[in-house]
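Please keep the sequence and the structure in view while reading.

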Amino acid sequence: MVLPRIVPVLAPKLAAALSAQSPYDGLLVIFSAIGSITTQSNALRSLAPAVLALTKADASAATTVAFLAHGDAPGSRVVLSPTGNLRGDVDDVRRFTDAARSGLRRIRSSGSKRPLVILPDTPVTATPGVSSATTARLQRDYSKFLEVTLLGLLAEAYVPLQAREHSASQKIAEEPFEEIGIAVDGSDELAEQAVRFANAVDEGRRLAKDVGGSDPERMTPLRAAEYIEASFKGTDVTVSIERDVAVLKKEYPFLHAVARASLAVPRHFPAVVRLEYHAPDQSEVKENIFLVGKGVTYDTGGLDIKAGGWMRGMSRDKCGATGCAGFLKTVALLKPRHVNVIADLGFVRNSCGADGYVSDEIIVSRAGVRALIGNTDAEGRMVMTDLLCLAKERALSPRYAKIPSRLMTVATLTGHAVRAVGPYGICLDNGPAREDSISTRLVAAGHIIGDPFERSTLRREDYNFNLPGSANEDVVQANDKASSATNRGHQSPAAFMAVASGLSPHHGLDTEHPIAYTHLDIAGSAEEDHGVGLSLAPVTGAPVAALVQAFLV
């Protein structure tokens, strides 16, 4: 994977970079207050009269993306991209994401391949004269504004894997930008630190998007596993892949049940990928993070088939697993000393076939819990439950038991999550995780880094929903309705996984060995809101950025 080269342009070279003789061929100005360009910025002083004239002739230039031809600018191109207001009730750091993406899109359409991006103001300097409380809020909520700006630029510059592979086969350039320069008026150190951080985060998001956004044949379970394995070569993350179907059946019976129909097609065989990062000095480790990712490479719904067009887009049902892999990629680059991170990713195709698992079956989990199947389209919880049980076992093992462990399932799990919170991720804790404020950390981190989460709550009704009504089973997997047609349709799957994995009731608040477990449903945040025309919406790489901000920073 080759990211667009982002280069911090420091003060000694900034004047030359902003001139007509610049090595850059366009200038993108991302600003919050137009006065920062017209009256305050020393670096942009030569452009100030033209910008002022433009805003007088066209007032919208201060509030919407505008293009200015100027002979003294790099490539004679200037794009102005405002963030808009930063102080309102619903304003957050994504204002910078939006300004970065729309501005880069406009300058690309002008023909620029090597744009220079400059931010002449900060959220604080753009709003002078406000109260000390407002200043403190801006400093808190926008503490990562530059990193978020860079992540927005990188998101806009991203080219999907299959498009890059096609371009390579045709021997044409695969990336739209050769280089992107970044300058912060008056703050070289901030620019250098932000570039390092954003590159590491976007390496992770790029891995997540490469695998998550590719079609179901390019990323079958085995090919997804191979691509991920190759991405970690030469890093401190160890990769192991279990491909043996007999082993998968024995160790992960729920996952194997979902895979049964796919076993008629060898290229669709399942795989479990384990990624492990251990900090170099274990005496410095403060917590263990155990991630379990849903990697359903295509979800037909199984024999409870998705009819009426609902199958379209189900190649993205692997984005929980790919998000976990992406997080580990960033871990490999940042090399944190305070945390161990282990991820188990279940890659499976939920196919239709004569040997497919069916409603009314009773299947025994790795933890020995008997589950009555209610809906084969509730396959995500099946794929993750046994891997969650494994994470529980490892958290209790002597190697990890001395320090706190946080277990998380990450999945594009339910349509109910999209109905409930729209384009955001959802996090919900069991009792020990709630006491450890895991969802609180994720919500706060997502707010700061522009990868938002909404907090949900596990209630007694969610556990009661899955209670057995017969001596034949210990828990019921699901009802026969879509989650979006089911009350509390994104909460009860987490309760099911807690019970079927043996976490509940054996490791709750009132037990000898409580274990923190948080479920992340990213069905709403794994893709952008809308695609273009009839195309699928782009994948986002969520929740890589939020996990990094919550557990690595």
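Which residues are buried in helix 19?

## Helix 19

The structure is a predicted model. In helix 19, the buried residues are Val 544, Ala 545, Ala 546, Leu 547, Val 548, Gln 549, Ala 550 and Phe 551. Because eight of the eight residues of this helix (residues 544-551) are buried, helix 19 is largely enclosed by the rest of the structure.

## Packing of helix 8 and helix 9

Helix 8 spans residues 188-212 and helix 9 spans residues 221-231; their axes come within 10 Å and cross at roughly 160°. An angle over 145 degrees counts as roughly antiparallel, and the two helices are therefore roughly antiparallel to each other. Their crossing is right-handed.

Helix 8 contributes Leu 207, Asp 210 and Val 211 to the contact, while helix 9 contributes Ala 224, Tyr 227, Ile 228 and Ser 231.

## Nonpolar cores

The largest nonpolar core has 89 residues, of which Ile 228, Leu 275, Leu 291, Phe 327, Leu 328 and Leu 345 touch the most other members. Helix 8 supplies the largest share of this core, with nine residues. Another core lies apart from it and has 44 residues, including Leu 255, Phe 290, Leu 407 and Ile 515.

Ile 228 belongs both to the contact of helix 9 with helix 8 and to the largest nonpolar core. When neighbours within four places in sequence are left aside, Ile 228 is in contact with Val 211, Val 273, Leu 275, Ala 325, Leu 345 and Phe 347.

Definitions and conventions: Residues are numbered from 1 along each chain as its sequence is written. This is a predicted model: local features need pLDDT of at least 70, side-chain atom pairs count only at pLDDT 80 or more; totals for chains, interfaces and linings use all residues. Side-chain values use heavy atoms; hydrogens and water are left out. Axes are lines fitted to C-alpha atoms, for helices over the stretch in contact, and angles run from 0 to 180 degrees between N-to-C directions. Helices (H or I, at least four residues) and strands (E, at least two) are DSSP runs, numbered from the N terminus. Angles under 35 degrees count as roughly parallel, over 145 as roughly antiparallel, 65 to 115 as roughly perpendicular and the rest as oblique. A crossing is left-handed if the near helix is turned anticlockwise from the far one by less than a right angle, and right-handed if clockwise. Contact means heavy atoms within 4.5 Å. A nonpolar core is a set of buried Ala, Val, Leu, Ile, Met, Phe, Trp, Tyr and Cys residues joined through side-chain atoms within 4.5 Å. Buried means under 20% relative accessible area, exposed over 50%, partly exposed in between (1.4 Å probe, protein chains only).
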